[in-house]
Amino acid sequence: MSIFNSKTSTQDAGITPALLDKITDAYNRNDIDAVMSFFAEDAVFDHAAGPDVNGTRFTGLDTIRGIFQGLFDNVQSVNWTPIDTRVSGDKAYCEFHRVAKLKSGEVQDFLSVDILTFREGLIIHKDTFYKNRTS
């Protein structure tokens, strides 16, 4: 069994609709300090792309901060519009339409899903999946 699977209740995990809205809002403001305030010290982020079965894994607050700060530094704007959100136990399943305009002028437009695992109201695992659009 994965270390991220548990029988923790939604209430014990600290997941509320208001919390999920605050997290999305922080990302949409590109506010790195606000974004990082939602992550536990020992958090793990599995990016969709990468050489491993889980994409690329990043661990710890400093490393995760660097990844998201790099994203914010490389875009003119990026926005995640929620499509659907479901909560089960300690996990939130969040579907988004993500549109980013890079400083290079390139526009990224795709659907994505984040599976967020919580402990005491903080994200301990962010697992991201997205459509890989081709021309």
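The following legends describe close-up views of a predicted model.

**View 1. The largest nonpolar core and the elements that supply its residues.** This core has 31 residues. Within the core, Phe 39, Phe 68 and Phe 118 have the most contacts. At least two core residues come from each of the helices H2, H3 (32-36) and H4 (61-73). The strands E1 (39-52), E3 (75-88), E4 (91-102) and E5 (107-119) likewise each supply at least two.

**View 2. The surroundings of Phe 118.** Phe 118 is among the residues with the most contacts inside the largest nonpolar core.

**View 3. Thr 24 in helix H2.** Helix H2 spans residues 17-28 and contains Thr 24. Thr 24 counts as buried because its relative accessible area is 15%, under the 20% cut-off. Apart from neighbours within four places in sequence, Thr 24 is in contact with Trp 80, Pro 82 and Phe 96.

**View 4. Phe 58 in strand E2.** Strand E2, which covers residues 55-59, holds Phe 58. The relative accessibility of Phe 58 is 17%, so this residue is classed as buried.

**View 5. The separation of Phe 58 and Cys 94.** Phe 58 and Cys 94 lie 36 residues apart along the chain. A distance of 20 Å separates their C-alpha atoms.

Methods. Residues numbered from 1 in each chain as written. Predicted model: local features only at pLDDT ≥ 70, side-chain atom pairs only at ≥ 80, totals over all residues. Heavy atoms only, no water. Helix = DSSP H or I, 4+ residues; strand = E, 2+ residues; numbered from the N terminus. Buried < 20%, exposed > 50% of the residue type's maximum accessible area, 1.4 Å probe, protein only. Contact = heavy atoms within 4.5 Å. Core = buried A, V, L, I, M, F, W, Y, C linked by side-chain atoms within 4.5 Å.
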